[in-house]
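Here is my note on the model, as numbered points. Please read it with the structure open.

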Amino acid sequence: MDRSDKSCNPAADLTDDLVVEILSRLPVKSVCRFKCVSWHWRGLITHRDHRKKLPQSLSGFFRGITPRLGDMLTVSDFVSISGAEEQPVSDPSLSFLIGYTTIVPKDCCNGLLFLHCRKVSPSPKYEFDYVVCNPATEKWLILPSSDRKTQVYVSRLGFDPAVSSHFHLFSMLEDVEGYITGVDIYSSKVGSWSHSENGWGDDVALYERSVFLNGMLHFISLDSTIVAVDREGKSWRTIPLLDTMGAENIWNLNAAFIGQSQGRLHYLNVRERDASTLSVWILENYQSGEWNFKYNISTSQLLGHKGLINGGQYTLIAIHPECSLIFYIMRGGDVLMSYDMDHGEVRPICSLRIKLYGSCPYLPYVPLFTQSLANHDYI
């Protein structure tokens, strides 16, 4: 390369190791933009060895699927939104989890995946393990059994590698009427379960969708508040919603939707009186509980039709953790779509190998290439 070329491109003098070292100090949005500098830089950023050092963005969604309608068998599947050269998951079926007939992804948090795994057994009795794994490294861990499995409403994972290499599993417990009585929390640091009684008050019931943020697990309650509990089960918080944010039809399980993007809690809802509008709110001040209205999205923008109800004719599945994108699928459809809330742009992402059946969750997955599941014997 001659002197004039180098003066136009100062980065040409940088070694690949130095480029990767510089990129490792940037936020994930900047790293994604630098993929467009050149094919060489794109190759550096997507190289598996370099990805261990670089911040990662959303690469796709885990889900449980039945290969044929009516099958009893459920297997793990992965829907990629990355380029083919990145291969974020080499084994979408998670076949490295040996000894199981059924593998059902239940939750995903910052690169770790929580699963219900049915054991291979000659007994007709349904026996399963709680398993946490890192799909990028294929390391996995079987959790000890909790004494209150029969009381569990839903179990969710809490993990933030920027804070700790340890994870927590929250099992929310309910009574016969469906009200929360407390939580069992497994700590990978301690290697055991602890129990805490409900600190939200009486008669609290939850939607299943949750968000782990700021060290707390958040749910939407059926009486239209956000409720949260911390990793130790000691701090229980209730965040009120504004009057215009509440779900009017609590029996529509998708009338309200919670997610996180760019470090802030997002709340989306559809009012029964105007099913053609999806409203988006952001918790601008986490400490004070200050909500700000951000967007009104017409379903005609999303799908070209008015009056389509979330959870009826289409299903929201996620908010992008780094930018203002929402992901959704038409009910029974075979195309994953995205909508850019800042620019009003709709884009088909990919065709789905198997259509969306029922209420199978799509779990947003951000790869974690560093070692995790600290202080445990890997399987």
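1. Where is the place of D175? D175 sits in the loop between strand 8 (167-174) and strand 9 (180-187). Strands here are DSSP runs of E of at least two residues, and helices are runs of H or I of at least four; both are numbered from the N terminus. D175 is partly exposed, at a relative accessible area of 31%. The cut-offs are these: buried is under 20% relative accessible area, exposed is over 50%, and partly exposed is in between (1.4 Å probe, protein chains only).

2. A word on the source. This is a predicted model, in which local features need pLDDT of at least 70 and side-chain atom pairs count only at pLDDT 80 or more, while totals for chains, interfaces and linings use all residues. Residues are numbered from 1 along each chain as its sequence is written, and side-chain values use heavy atoms, with hydrogens and water left out.

3. Which residues form the negative surface patch? They are D175, E177, D202 and D203. Patches take residues with over 30% relative accessible area and no salt bridge; like charges are joined within 9 Å, and nonpolar side chains (Val, Leu, Ile, Met, Phe, Trp, Tyr) within 5 Å. Asp and Glu count as negative, Lys and Arg as positive; His and the chain ends are not counted. Each charge is placed at NZ of Lys, CZ of Arg, CG of Asp or CD of Glu. The areas come from the Shrake-Rupley method with a 1.4 Å probe, and for residues only the protein chains shown count as cover.

4. Please check two backbone angles. E138 has a phi near 60 degrees, a positive value in a residue other than glycine. E138 lies in the loop between strand 5 (128-134) and strand 6 (139-142). It is partly exposed, with a relative accessible area of 30%. N214 also has a positive phi, near 55 degrees, and is a residue other than glycine. N214 belongs to the loop between strand 11 (206-213) and strand 12 (216-221). N214 is partly exposed, at 48% relative accessible area.

5. How many salt bridges does a search of the whole structure find? The search finds 4. The test is a side-chain nitrogen of Lys or Arg within 4 Å of a carboxyl oxygen of Asp or Glu.

6. D77 pairs with R63 in a salt bridge, with the closest N and O atoms 3.0 Å apart. D77 is in strand 2 (residues 75-80) and R63 is in strand 1 (residues 60-65), so the pair ties together parts that are 14 residues apart in sequence. Is D77 buried or exposed? D77 is buried, at 7% relative accessible area. R63 is buried too, at 2%.

7. K119 and D129 meet through their side chains in a salt bridge (3.5 Å, N to O). This pair links distant parts of the chain: K119 is in strand 4 (residues 112-119) and D129 in strand 5, 10 residues apart. K119 is partly exposed at 32% relative accessibility. D129 is buried, at 11%.

8. R264 forms a salt bridge with E284, and the closest N and O atoms are 2.6 Å apart. R264 lies in strand 16 (residues 264-271) and E284 in strand 17 (residues 274-285), so parts 20 residues apart in sequence are tied together. Both ends are partly exposed: R264 has a relative accessible area of 28%, and E284 has 34% relative accessibility.

9. H320 lies in a loop, between strand 19 (314-319) and strand 20 (325-330). H320 is buried, with a relative accessible area of 8%. What is H320 in contact with, leaving aside its neighbours within four places in sequence? The partners are S57, L58, Q260, S261, L325 and F327. Contact means heavy atoms within 4.5 Å.

10. L157 is in strand 7 (residues 152-159). L157 is buried, at 1% relative accessibility. Leaving aside neighbours within four places in sequence, its contacts include F114, V132, F167, L169, F212 and L217. L157 and C108 are 49 residues apart in sequence, yet 6.7 Å apart in space, C-alpha to C-alpha.

11. T150 is in the loop between strand 6 and strand 7. T150 is exposed, with a relative accessible area of 79%. T150 and L173 are 23 residues apart in sequence and 8.8 Å apart in space, C-alpha to C-alpha.
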